[in-house]
2 protein chains.
Amino acid sequence: MTVTVAAAERLVRIGDVARGDGVSVRAVRYYEQQGLLIAERSRSGQRLYRQDAIPLVRFFQQMFAAGLTSRRITELLPCWDSGHTDAGQRAMLRAERERIQAKIDDLQAALDHLDEVIAITDTHP
Amino acid sequence: MTVTVAAAERLVRIGDVARGDGVSVRAVRYYEQQGLLIAERSRSGQRLYRQDAIPLVRFFQQMFAAGLTSRRITELLPCWDSGHTDAGQRAMLRAERERIQAKIDDLQAALDHLDEVIAITDTHP
DNA sequence: CTAAAACCTGACGCTAGCGTCAGAGGCAAG
DNA sequence: CTTGCCTCTGACGCTAGCGTCAGGTTTTAG
């Protein structure tokens, strides 16, 4: 039987975050080391996360997949957290947007190229 | 005044290939080391490339950008060179195709996410 | 109470496509 | 002939996001 002390204390441990996102515990620790994720600590030193750490980590994964570095993500995190941005941050957002779009175009070109070859090798075995 | 000895001897040196593709000389040597590019050698040991090495290197760049390793490219090169493929190669082609498509989808999702934030931070400075 | 499972802090390893430095030879022009 | 650019072969360095082992504490299940 568990007793809920307060609604604000729904904290989870690092393994829960990791499993909730399908990433490794090591990865979550790494995010903290890079300043992406701040965790409270229990008296014994274990990391305690709020529930919203899980979607946050998912977001990190998406940005990593998009080619952003952890450094860039830390610089852009305030845009999500506070909603407030300065000119530099807006410029960075746009720059990353352009980079990703360019990458998509490159990938699409490569995909078309591959599809050509697949079509040829299929009709011409 | 240069004298053309034979049409088949239009060979270029590594610097020409590199400049022609906008890559470094080091990169071209690396491709050879990985078995992607075979070069003839002059008596003094300098690499001599046929003109078609230039579009070939461009192709390598495209495949690298698409996330293929040099190993994979060497395994798939016969599909271009000879046009002949076995079942394994066709499966690899398809697998790479799916990988690239999935990556495009991920990137598009990240782009949409970023665009949302940009829209918010623009109308809500 | 005890054993297993989960957590902790270092700290080294890994991959892949090059960058870069060192030291030595090759090649057209003036 | 020599100046200056190009090329050669090693071989170590770098980055970034973790994997992984070591050795120790903590929490949880039975």
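Visitor: In this predicted model, how do the residues of the surface near DNA strand D divide into nonpolar, polar and charged?

Guide: In the predicted model, 17 residues surround DNA strand D, and the closest include Ser24(A), Ala27(A), Ser44(A), Gly15(B) and Arg47(B). Over the surface near DNA strand D, the division is 5 nonpolar, 9 polar and 3 charged.

Visitor: Which helix gives the most to the surface near DNA strand D?

Guide: Two helices each supply at least two residues of this surface: H2 (25–33) of chain A and H1 (14–21) of chain B. With 3 residues, the helix that gives the most is H2(A).

Visitor: Is H1(B) parallel or oblique to H3(B)?

Guide: The axes of H1(B) and H3(B), the latter spanning residues 53–65, come within 9 Å and cross at roughly 50°. Angles under 35 degrees count as roughly parallel and 65 to 115 as roughly perpendicular. The orientation of H1(B) to H3(B) is therefore oblique.

Visitor: Which residues of H1(B) make the contact with H3(B)?

Guide: H1(B) passes H3(B) in a right-handed crossing. On the side of H3(B), the contact involves Ala53(B), Ile54(B), Val57(B), Arg58(B) and Gln61(B). The residues of this contact comprise 4 nonpolar, 2 polar and 2 charged. From H1(B), the residues are Val17(B), Gly20(B) and Asp21(B).

Visitor: Which C-alpha of chain A is nearest the axis that relates the two copies?

Guide: Chain A is superposed on chain B by a rotation of 180° with 0.0 Å of shift along its axis, at an RMSD of 0.1 Å. The copies are therefore related as by a two-fold rotation axis. At 2.9 Å from the axis, the nearest C-alpha in chain A is that of Ile104(A).

Definitions and conventions. Residues numbered from 1 in each chain as written. Chains lettered and ligands numbered in written order. Predicted model: local features only at pLDDT ≥ 70, side-chain atom pairs only at ≥ 80, totals over all residues. Near = placed C-beta within 6 Å. Helix = DSSP H or I, 4+ residues; strand = E, 2+ residues; numbered from the N terminus. Nonpolar A, V, L, I, M, F, W, Y, C, P; charged D, E, K, R; others polar. Axes fitted to C-alpha atoms, helices over the stretch in contact; angles between N-to-C directions. Parallel < 35°, antiparallel > 145°, perpendicular 65-115°, else oblique. Left-handed = near helix turned anticlockwise from the far one by under 90°. Contact = placed C-beta atoms within 7 Å. Least-squares fit on C-alpha atoms with pLDDT ≥ 70 in both.
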